[in-house]
Amino acid sequence: MGKSATTSDVHALFHSLRSAYAATANHLKIIDLYIVFAIVTAVIQVAYMAIVGSFPFNSFLSGVLSCVGTAVLAVSLRIQVNKDNKEFKDLPPERAFADFVLCNLVLHLVIMNFLG
Amino acid sequence: MAAQETSQSATFRHAFGNVLSFAVLLLIGVMAFSIRLFSVIKYESVIHEFDPYFNYRVTQFLTKSGVYDFWNWFDDRTWYPLGRVIGGTVYPGLTLTAGTLWWILNSINIPLSVETVCVFTAPVFSAFASWATYLLTKEIKGAGAGLTAAALLAMVPSYISRSVAGSYDNEAVAIFALIFTFYLYIKTLNTGSLFYATLNAIAYFYMVCSWGGYTFIINLIPMHVLLCIVTGRYSPRLYIAYAPLVVLGTLLAALVPVVGFNAVMTSEHFASFLVFIIIHVVALVYYIKGILTPQMFKVAVTLVVSVGMVLCVAVLAVLIALVASSPTKGWSGRSLSLLDPTYASKYIPIIASVSEHQPPTWPSYFMDINVLAFLVPAGIIACFLPLSDASSFAVLYIVTSVYFSGVMVRLMLVLAPAACIMSGIALSEAFDVFTRSIKFHLVGTTQNPQDNAGDATKVTQNDVKSEKSEDTVKERSSRKSKKDKENIEKPSLVSRVEKRLLVLPLETSVMAVFLLVLLGAFYVVHCVWAAAEAYSAPSIVLTSRSHDGLHVFDDFREAYAWLSHNTEVDDKVASWWDYGYQTTAMANRTVIVDNNTWNNTHIATVGTAMSSPEKAAWDIFNSLDVKYVLVVFGGLVGYPSDDINKFLWMVRIGGGVFPHIKEPDYLRDGQYRIDSQATPTMLNSLMYKLSYFRFVETDGRGYDRVRNTEIGKKHFKLTHFEEVFTTHHWMVRIYKLKSPRNRIRGKTKRSKSSLQKSGTSPSSKRSTRKRNPWQ
């Protein structure tokens, strides 16, 4: 009795999650796709390291951290561009995107240096 | 019409306030620079102490050979025969900063020497640090508090002690980098702008380049983020302030060769990663809470808790097992001794022997931060009304820095900015209340009725704006602005405020303002005295006043100059590690150990040699190719930091690695003496002999002015060393190793032949005796 209630609850939960997410704007969904892509790339790199070993460590570190870094920056961009966030309603989205590009530039400059 | 007028006058007052605060900041910068120039005026423009000489030598190399050679430099003139990889073991921030300054000045045709740039780097950067304090405190509380805090930091004695002109050490630029990084973090937290987050990461990179104390930042910021999350202050700005900093900061920290992979592998950084994971979990929870209905959210919570708990426990167990498998749990010795103050004295005597690493005494708090010591609690209270993210950070900063300053006296330096910020806030708030009361009593009553009606609607915005312009003049560092304080205040604000705040009587307020200014005067007097008398000694030149005038003791430089002129370039000089940096920088000779103290066994070797009798010491030094031995002796003039006073540390460190050196052998009844009651081991040790050789010739009875006794063994000859130089006041004595005898005769011949006959038996004979690896 309890089990079927919980499974139906779980189904209802996933259904409501999916419907709520479908209601988000398209440009936010594009950013989310980018984030997922970055995380998947990072996971692939970690799996590769688990297979072949971690030498040279600085290349592994810079590769994984570049993926995680762009994901984090994309999340920050999404926060700033999202119209539901009342704290950022004065921020023009162009400024948010320009900050995102600048931060990515710095990140990748460091990555290039550290890649070895 | 009236509105236009008031807005015009408001902008005029705003502009006037801005110009005034700019002028005040300029004056604060000039004051910060000039108060540190006492040593240049009293002595000369010379580099102080020991560590700055190493930094000076590295900067010289940088300016001569360029960045690439500096980055790849392997120094073979120190830690002979091991050498030292300078590029990989030095924090490059300071040298690169000074080198860049020198290069810029030289390319615009201002030909300052490298030494001048090095000497004056610290005062220049302390001016920058006070401006950074202004910016940081402005973010926390407002411009008035900012100006007060900047004025306090420019003069605080604990910061002066490490940044006088000539003290060319890491802290000179590191404190500026610390405050600036904190300012950018708070700015990002307040505005939520990714641009400032990028700048924050770059400032953190500069801090990592400059000082090992960067671990304080990378642990304090995660602690603050955790505090915000736990107290329910999570906001998207917090995520933007923290998450990019962790990723970019770790990468940038790994770029610095000294830190390298320690940025991801040592426990000092694990807190940042843990909080990184936590903040992502919290962000996800808030996001899902935002898109789901409340009952669906409850279902989600129960699901996640049941499934995720098992996963979490498994991952945590793996992590704990990994970290616990290393003996120090992944922390470095110095960091462990911060957390457990008794760790160093039990396990690492070298760290325990440095005087900077001892806990401070109570009077040193009053000496170093003076009046701020009791303004800090008032500031902490002021931070709580109202509590914002920035002020919670300030409270956390002061609490942690007070704890760490209690562990190690060197970290009083980290306490100084926090204390100045808190005191600045306290003083600013106090002045706020008092001057508002004075204003109310002098102006408020006549203008109340007509302004009340018109300004009721826009009072809230004007509140903020005029408070800001009122605060710009609330600093107390320049007395001449006291006249201007009164005319910026708007009367309507006073009447509104009067309903919210308690207004004190006029006489009390005037008296209180006067007393606060008097307090500030005492602070200034103390700071200038401390800068002039206590912290301006270059310790390479000593002075003393007596009835026949000023005596200057320039013995150190005399000895190093003698070495550089009278020995070969490749000669090795052995001394205790304190003098290594100065010897390589000024005498330009290869040394065996220096202040870097990275190799305990090597230092223990030198310590054992100093504690052994002459022949054993000669053997040790000869195996290291040493030609000259340098000892510092203060007995003739009463210089207390000489090698005989440090001798017990040599014994302890040597005994830690070579067990045939036992500390009780050198003590008579547990007391350390060098007079006739001293033990024979002490009287025969190399340090005793080299310090007191021919000492009896100075006054006929060999009276040691530091130990205040006559020495034990007065007339003796040296068999394996010969004295080559003693400075004017006998403070530095240089000895040369006598070369081994040319002809072997007598006993030596017999033992040599016995060695040839029996190849293996000496080893079995040796193992039964006490193991002395040098015989």
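This is a predicted model: local features need pLDDT of at least 70, side-chain atom pairs count only at pLDDT 80 or more; totals for chains, interfaces and linings use all residues.
The contact draws on 32 residues from chain B and 37 residues from chain A.

Polar links across this interface can be counted too. There are three residue pairs in polar contact between chain B and chain A, with both residues at pLDDT 80 or more. Helices H11 (194-210), H13 (236-255), H15 (270-291) and H16 (294-324) of chain B each give two or more residues to the side that touches chain A. H13(B) has the largest share, with 13 residues. Sorted by type, the chain B side splits into 24 nonpolar residues, seven polar and one charged.

As for charge pairs, one salt bridge turns up across the interface of chain B and chain A. B:Arg237 and A:Glu87 meet through their side chains in a salt bridge, at 3.2 Å from N to O.

Over all chains, the whole structure holds 27 salt bridges. One of them ties B:Lys627 to B:Asp571, at 3.3 Å from N to O. This pair bridges distant parts of the chain, 56 residues apart: B:Lys627 sits in strand E7 (residues 626-632) of chain B, while B:Asp571 sits in the loop between helix H27 (555-566) and strand E5 (572-574). B:Lys627 counts as partly exposed because its relative accessibility is 30%, whereas B:Asp571, at 8%, counts as buried. Another salt bridge joins B:Arg707 and B:Asp642, at 2.9 Å from N to O. Here the partners are 65 residues apart, with B:Arg707 in the loop between strands E8 (703-704) and E9 (709-710) of chain B and B:Asp642 in the loop between E7 and helix H31 (643-657). Both B:Arg707 and B:Asp642 are buried.

The largest nonpolar core has 219 residues, and B:Phe182, B:Phe621 and B:Phe721 touch the most other members. Helix H23 (residues 412-454) of chain B gives the most to this core, namely 15 residues. Leaving aside residues up to four places away in sequence, B:Phe621 touches B:Ala574, B:Ala609, B:Met610, B:Val626, B:Val629, B:Leu686, B:Phe721 and B:Leu737. Apart from this core lies another, of 11 residues, including B:Leu25, B:Ala127, B:Tyr134 and B:Ala151.

Conventions:
Residues are numbered from 1 along each chain as its sequence is written. Chains are lettered from A and ligands numbered from 1 in the order in which they are written. Side-chain values use heavy atoms; hydrogens and water are left out. A nonpolar core is a set of buried Ala, Val, Leu, Ile, Met, Phe, Trp, Tyr and Cys residues joined through side-chain atoms within 4.5 Å. Buried means under 20% relative accessible area, exposed over 50%, partly exposed in between (1.4 Å probe, protein chains only). Helices (H or I, at least four residues) and strands (E, at least two) are DSSP runs, numbered from the N terminus. Contact means heavy atoms within 4.5 Å. A salt bridge is a side-chain nitrogen of Lys or Arg within 4 Å of a carboxyl oxygen of Asp or Glu. A polar contact is a pair of N or O atoms within 3.5 Å; within protein, one must be able to donate a hydrogen and the other to accept it, and residues adjacent in sequence count only if both atoms are side-chain atoms. Ala, Val, Leu, Ile, Met, Phe, Trp, Tyr, Cys and Pro count as nonpolar, Asp, Glu, Lys and Arg as charged, and the others, Gly among them, as polar.
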